[in-house]
Amino acid sequence: MNGISFQGIRMAHTMHALQGMRGPGSSMMGPMPVDNRQLNSMLMGAATFVHNAPPRAAQLQATLTNMQQVLDRLGAVPSNTSVVQTRSFTGSSIPDISVRVDQIATAQRNEGTSLRADLRDIPRGTFRFEIEVDGETHEISFTTTEDLTNRAFQQRMADAINAAEIGITANVTTANNQSVLSLATATTGAGENDEPRFTIRDLVGNAVEVTGVSEMTHAAQDAIFAVNGGEPQTSATNDVDLGQGLAVTLVGTSEEAVTFSAGRDSAGMRISVRNMVSQFNALLETARDNDSDIRTRQLIRQLESVVRRSRRSLNEIGVTMNQETGRLTINEDALQAASENGAIERFLGEHNGFRSPFIQAVTRLTDSVRNHPTRHISPHAARFPGFHVALNAVANGNTLANEPQTPFDAFQLNDMVGSMLNMLS
């Protein structure tokens, strides 16, 4: 079933009769227009929130509840973090493991010719070229116009490559009015028989020639490492499993082997903070999808307020809030430092038996959303007969059939539905 019509909502005669009525508490004077599509849209928004918000709140709550366990957990700390970084550790005791890294895995990179960014000296027209990636050939084309600068030409070509989604990423960088188009494989690791992972050549026009991206400037290669003095091993990625519950990321090379000792589980801390941020954003986006409802808007403000009150401490662990969207973002370098210098424990850990004020505040909100989601939507919406029809539709993956969802103000809803409920009672 692709769509649903709410028979419980479509009370045309009742709605028509409500024109001009004003129920108790209504702020509307005179005729009151009733739009079935708007009402259905509002009820679907409220039902979607009530259906989706509790599990997302529960996920965030679980991460916050388990935070102290992560902070107390034993971690495997490498002796040289510029060579190896712990990705995860699930063992009960620090493994007696050493690893020597001879080479890290890299992607192939073709860096093009530096061009004067603001000039228009590249021929215009339709261009077609082919890229062979790991033995598979792909044709790509794009068209340019006379008004494009060299940088705009490079960007047009980069956009065509990225849109093809063939495992090659294209990027244009500009400095001192000089622009360069660069191509790289989306994954690391050497090609078969050490052949290039990709090649590129012109078919129609000379886009490849003038941008200079046919020459490989950095070859793709596998990581090479040895564990406990054993034979060298290879990996197409830098994320490797050393055994005994220890997974690491190779980030540099060294003639001396890296060993591991007991310490804070910095990798686990970073994972927990990332989960917290991702789950907070998911709950916030679920609320924003229903922000025409005054009660849901209040929840949004409460979530953002909690973050603002802890803005300085969040910044110290690499978490910042976008002032326009309220979404949290992570600075990975700052998060890495915070996981090693104790900032995460100071902010999110328990002190003298008391949980972090930030965790307490977010937990109170998530507990309310999880157990009482209808408190965060208009009471008129929750009481309206068609609400449960909408809730069942959301649970079954149905949507409104051929009815555009339009913005709807909660105050207008309260007037409309309040009058309808008054008449039906």
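Mentor: We will go through the labels and set each against its rule. Keep in mind that this is a predicted model.

Trainee: What does the protein contain in helices and strands?

Mentor: There are 14 helices and 17 strands. Of its 425 residues, 46% count as buried. Take the contacts between residues at least 6 apart in sequence: 72% of them join residues at least 24 apart.

Trainee: Why is Val-277 called buried?

Mentor: Buried means under 20% relative accessible area. Val-277 has 5%, so Val-277 is buried. This residue sits in helix H6.

Trainee: Which residues does Val-277 touch, leaving out those up to four places away in sequence?

Mentor: Val-319, Leu-328 and Ile-330. A contact needs heavy atoms within 4.5 Å. Val-277 and Val-319 are 42 residues apart in sequence, yet their C-alpha atoms lie 8.0 Å apart in space.

Trainee: How do you know that strands E3 and E15 pair?

Mentor: Pairing takes at least two bridges. E3 (residues 98-103) and E15 (residues 258-264) are joined by two bridges, so they pair. The two strands run antiparallel. Ser-98 stands opposite Thr-259 in E15.

Trainee: What makes E3 and E11 a pair?

Mentor: The rule asks for at least two bridges, and E3 and E11 have four, so they pair. Their sense is antiparallel, and E11 covers residues 223-227. Gln-103 has Ile-224 of E11 as its bridge partner.

Trainee: How many bridges link E11 and E12?

Mentor: Three, again in the antiparallel sense. Phe-225 stands opposite Gln-233 in E12.

Trainee: What is the strand order in the open sheet?

Mentor: The order is E1-E15-E3-E11-E12, five strands with antiparallel pairing.

Trainee: What makes E1 and E12 edge strands?

Mentor: E1 (74-78) and E12 (233-235) each pair on one side only. From one strand to the next, the twist averages 40°.

Trainee: Which residues line the largest cavity?

Mentor: Leu-60, Leu-64, Met-276, Phe-280, Leu-328, Phe-358 and Val-362. Helices H2 (36-65), H6 (266-288) and H11 (357-371) each supply at least two residues of this lining.

Trainee: What makes that lining nonpolar rather than charged?

Mentor: Leu, Met, Phe and Val count as nonpolar. The lining divides into seven nonpolar residues, no polar and no charged.

Trainee: How does the lining of the second largest pocket divide?

Mentor: Into two nonpolar, three polar and five charged residues. This pocket has a volume of about 160 Å³. Among its lining residues are Glu-132, Asp-134, Gly-135, Arg-197, Phe-198 and Thr-199.

Key:
Residues numbered from 1 in each chain as written. Predicted model: local features only at pLDDT ≥ 70, side-chain atom pairs only at ≥ 80, totals over all residues. Heavy atoms only, no water. 1 Å grid on protein atoms, 1.4 Å probe; cavity = no way out; pocket = protein on both sides within 12 Å on 5 of 7 lines; lining within 4 Å. Points joined across faces, edges and corners; volume = space filled by probe spheres on them. Axes fitted to C-alpha atoms, helices over the stretch in contact; angles between N-to-C directions. Buried < 20%, exposed > 50% of the residue type's maximum accessible area, 1.4 Å probe, protein only.
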